[in-house]
Amino acid sequence: MGMKKIICSAAVVALMSLVMTSCNKQAPKVEEKSTTTTTANAGMKIAYIEVDSIMSQYKFCKEYSLILEKKSQNIQNTINAKGRSLQTAAAKFQQDIQNNKYTQQQAEAVQAGLQKQNADLQALQQRLGSEFQAETEKFNKALRDSIQHYLAVYNKDKKFSLILSKAGDNILYADKAYDITNEVIAGLNKAYKPVAKKK
């Protein structure tokens with residue numbers, strides 16, 4: 001559950017950049033510059049989407065969160081197993097040293113081997129961590145792209161001037177009349193093709 005929150009948290013950050021301008025090409029003419037901000041804003045159509053709902057109900061996010069969570073667990077299991085194996089070998093080495101089982105040259109060779117295993121383990125941990133981070137970034141980009149693509153299509157008919165993302169209390173007040181979350185989630189899920197079927 002912890003990894004899911006990290007993933008979704010990163011996705012929220014990516015989603016926060018979602019502010020869509022309307023596809024409406026009727027820009028005001030230069031001579032109409034005297035129009036006040038209040039009048040200009042009166043014609044704007046604004047909507048918002050609850051980010052938490054996207055994270056919990058959009059099939060793409062749910063599926064990839066599980067994939068990344070499983071990958072993270074596999075990485076942790078691999079590192080833990082190799083770490084335990086190294087600890088066991090180091091403990092045995094200490095025991096053998098105390099029991100005078102090695103010559104000095106043999107002890108140095110075993111110690112050098114243990115140090116190399118430790119360095120290899122740290123390198124593996126760093127490599128797998130980098131791979132996981134890259135995979136998470138790829139997921140966040142794909143999530144952002146899929147939502148932006150869907151909203152571009154969705155907005156052709158709706159003609160909203162702005163579609164905002166609402167996460168936590170980043171918007172202090174929002175009238176539920178402008179909430180398009182459920183409509184967007186339904187559309188996203190309808191358009192989404194599960195990973196298993198893409199092969």
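Glu131 is partly exposed, with a relative accessible area of 39% (partly exposed lies between buried, under 20%, and exposed, over 50%, using a 1.4 Å probe and protein chains only). Keep in mind that this is a predicted model, where local features need pLDDT of at least 70, side-chain atom pairs count only at pLDDT 80 or more, and totals for chains, interfaces and linings use all residues. Residues are numbered from 1 along each chain as its sequence is written, and side-chain values use heavy atoms, leaving out hydrogens and water.

**Salt bridges**
- There are eight salt bridges here (a side-chain nitrogen of Lys or Arg within 4 Å of a carboxyl oxygen of Asp or Glu).
- Glu131 pairs up with Arg127, their closest N and O atoms being 2.9 Å apart.
- These two sit four residues apart in helix H5, so about one helical turn separates them (helices are DSSP runs of H or I, at least four residues, and strands are E runs of at least two, numbered from the N terminus).
- Lys158 forms a salt bridge with Glu183.
- Lys158 belongs to helix H5 and Glu183 to helix H6, so this pair ties together parts 25 residues apart in sequence.

**Nonpolar core**
- The largest nonpolar core has 33 residues, and Leu143 and Ile180 are among those touching the most other members (a core is buried Ala, Val, Leu, Ile, Met, Phe, Trp, Tyr and Cys residues joined through side-chain atoms within 4.5 Å).
- H5 gives this core its largest share, twelve residues.

**Confidence**
- The chain averages a pLDDT of 82 (the predictor's confidence in each residue, from 0 to 100).
- Helix H1 scores lowest, with a mean of 46, and helix H4 highest, at 96.
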